[in-house]
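Work through the exercises below with the model open. Try each task before reading its solution.

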Amino acid sequence: MSLNAESTAFRSALEVIRAVEPRVADAIGAELADQRESLKLIASENYASPATLLAMGNWFSDKYAEGTVGRRFYAGCQNVDTVEALAAEHAKELFGAAHAYVQPHSGIDANLVAFWAILADRVESPALKKAQVRQVNDLTEADWFALRRELGNQRMLGMSLDAGGHLTHGFRPNISGKMFDQRSYGTDPATGLIDYDRVAEAAREFKPLILVAGYSAYPRKVNFRIMREIADSVGATFMVDMAHFAGLVAGRVFTGDFDPVPHAHIVTTTTHKSLRGPRGGMVLCGPELADQVDRGCPMVLGGPLPHVMAAKAVALAEARRPDFADYAQRIVDNAQALAEGLVRRGTKLVTGGTDNHLVLLDVSGYGLTGRQAEQALLDSGIVTNRNAVPQDPNGAWYTSGIRIGTPALTTRGLGVAEMDATAELIHTVLSQTQAGSNPDGTPSKAKYVLDPALADKISKQASELLTGFPLYPAVDLG
Ligand SMILES: *Cc1c(COP(=O)(O)O)cnc(C)c1O
């Protein structure tokens with residue numbers, strides 16, 4: 001695509017929007033300007049391609065398409081069928097999966113689809129069989145009551161939140177925690193790594209229906225072959241939520257024991273994190289769970305978003321190109337360079353380094369909470385997010401950690417030299433920030449003191465670091 005085409009496309013779109021509500025057009029333009037200027041180190045964010053973005057802004061948004069390809073509850077879905085089938089085909093080829101369900105609107109939705117597919121397969125289907133009926137509407141009131149109780153009385157074993165697990169893996173504030181009796185496995189306090197013997201022990205004691213692997217803040221690889229063996233040893237369904245690292249699986253950085261697809265019964269993911277697609281979700285599985293997974297809408301999902309499925313097809317086609325594997329490898333090279341740069345400057349990292357796209361800083365050594373560090377970095381043009389560290393004394397709100405990730409900056413083209421410079425900026429800000437105090441003199445977990453002149457100077461250095469790596473270089477909004 002020529003430089004001209006991308007600029008023309010986005011400029012024209014903004015012009016059309018501006019004619020109706022100029023403040024929305026302005027906000028869209030301002031968002032691009034902000035993203036261009038800041039050093040985006042949020043581990044769960046990325047920059048989708050212009051083709052992916054443009055595939056979302058069109059009349060596919062107007063279409064209802066409940067059902068699956070070729071089996072819709074609405075007429076006139078032939079073009080939606082085309083894009084949904086394309087997205088699923090690309091996903092299956094890319095990940096080597098037997099089945100792909102590309103309708104989930106987000107990662108949380110993908111997990112809900114997976115949980116209910118597993119419950120339907122392992123709890124509901126046997127109950128229907130036992131009652132000798134074909135569907136839930138045919139059960140007696142008493143059998144239905146008993147089945148509902150059974151559905152609500154299942155167990156899940158997942159990674160603990162402070163070890164890097166995700167809220168949707170059975171934690172109380174999320175619906176998964178209200179659905180499942182949950183227990184979690186943590187990491188070894190000495191090494192910060194998953195201790196598979198402890199996971200096996202927890203599985204033997206707890207006998208979960210579902211064993212979940214996957215994380216949003218664990219900086220190492222997970223051995224999915226071992227996790228599957230553990231699941232099999234207790235008859236659990238093994239689910240992997242690869243929301244964060246799907247790009248590394250797609251790019252063949254995680255292979256063999258570290259590729260979840262051949263080992264898990266079911267895999268869920270987002271499409272907008274390291275995979276670099278549109279904001280959305282996806283479920284991959286074998287033929288055994290495929291029919292149940294396809295019932296995601298209307299079981300737990302609202303009508304599919306055909307415009308987003310179109311964008312998923314575009315992004316997945318991009319991820320199948322050879323240069324995506326190169327991109328995935330550079331994500332990890334960059335994360336490792338950033339980790340080494342920080343360690344060299346004395347920053348404490350959870351597990352001491354990284355095997356993937358993210359680095360978890362323990363900022364307690366700087367005398368700061370995660371919240372103070374996050375805000376001080378933000379003042380200095382460095383966008384990160386605070387995150388709990390294992391056994392965090394400051395809890396999930398203030399935290400003691402900062403999570404940083406390289407998928408976004410790698411998309412812009414930054415490399416290992418820039419990562420070392422980034423480590424220097426981060427270390428400078430953190431070492432020059434002091435914890436603040438409350439009006440009564442007690443230490444505050446939120447307030448901090450950072451010289452505004454220094455914050456300004458770092459912001460300038462951060463944007464200078466980015467000047468050689470323009471974001472959406474072919475897009476000129478004029
Ligand atoms: C980001 C994430 C999700 C949720 O994704 P959304 O699209 O925000 O719903 C689920 N699981 C894990 C492991 C994640 O990192």
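Helices here are DSSP runs of H or I with at least four residues, numbered from the N terminus. The model is a predicted one.

**Exercise 1. Backbone exceptions**

Task: Find which peptide bond into Pro298 is cis, and state the helix in which Pro298 is found.

Solution: 
- Start with the bond. Cys297 to Pro298 is the cis peptide bond, and omega is near 10°.
- Now place the proline. Pro298 is found in helix α12, which covers residues 296-299.
- Most peptide bonds are trans.

Solution: 
- Read the first angle. Gln391 is not a glycine, and its phi is positive, near 50°.
- Locate Gln391. The loop between β14 (385-387) and α16 (395-398) holds this residue.
- Locate Thr399. This residue is found in the loop between α16 and β15 (401-405).
- Most residues other than glycine have a negative phi.

**Exercise 2. A helix pair**

Task: Describe how α5 and α6 pack, from angle to contacts.

Solution: 
- Take the geometry. α5 (residues 107-130) and α6 (residues 141-151) pack at about 145°, and their axes are 10 Å apart.
- The crossing of the two helices is right-handed.
- List the contacts, with heavy atoms within 4.5 Å as the cut-off. From α5 come Trp116, Leu119, Val123, Glu124 and Ala127; from α6 come Leu147, Glu150 and Leu151.
- Sort by class. The contact has six nonpolar and two charged residues, with no polar ones.

**Exercise 3. The ligand site**

Task: Which residues come nearest to the ligand, and which element gives the most to its shell?

Solution: 
- Count the shell. There are 13 residues around the ligand, and Gly107, Ile108, Asp241, His244 and Lys273 come nearest.
- Find the main contributor. α5 gives the most, with three residues.
- Sort by class. The shell has eight polar, three nonpolar and two charged residues.

Solution: 
- Gly107: a polar backbone atom is 2.8 Å from a ligand oxygen.
- His166: a side-chain N or O atom is 3.5 Å from a ligand nitrogen.
- Asp241: a polar side-chain atom lies 2.6 Å from a ligand nitrogen.
- Finish with area. The ligand taken alone exposes 390 Å², and the protein buries 85% of that.

Conventions
Residues numbered from 1 in each chain as written. Predicted model: local features only at pLDDT ≥ 70, side-chain atom pairs only at ≥ 80, totals over all residues. Heavy atoms only, no water. Axes fitted to C-alpha atoms, helices over the stretch in contact; angles between N-to-C directions. Left-handed = near helix turned anticlockwise from the far one by under 90°. Nonpolar A, V, L, I, M, F, W, Y, C, P; charged D, E, K, R; others polar. Near = heavy atom within 4 Å. Polar contact = N/O pair within 3.5 Å; in protein donor to acceptor, adjacent residues only side chain to side chain. Areas by Shrake-Rupley, 256 points an atom, 1.4 Å probe, with all protein chains shown as cover.
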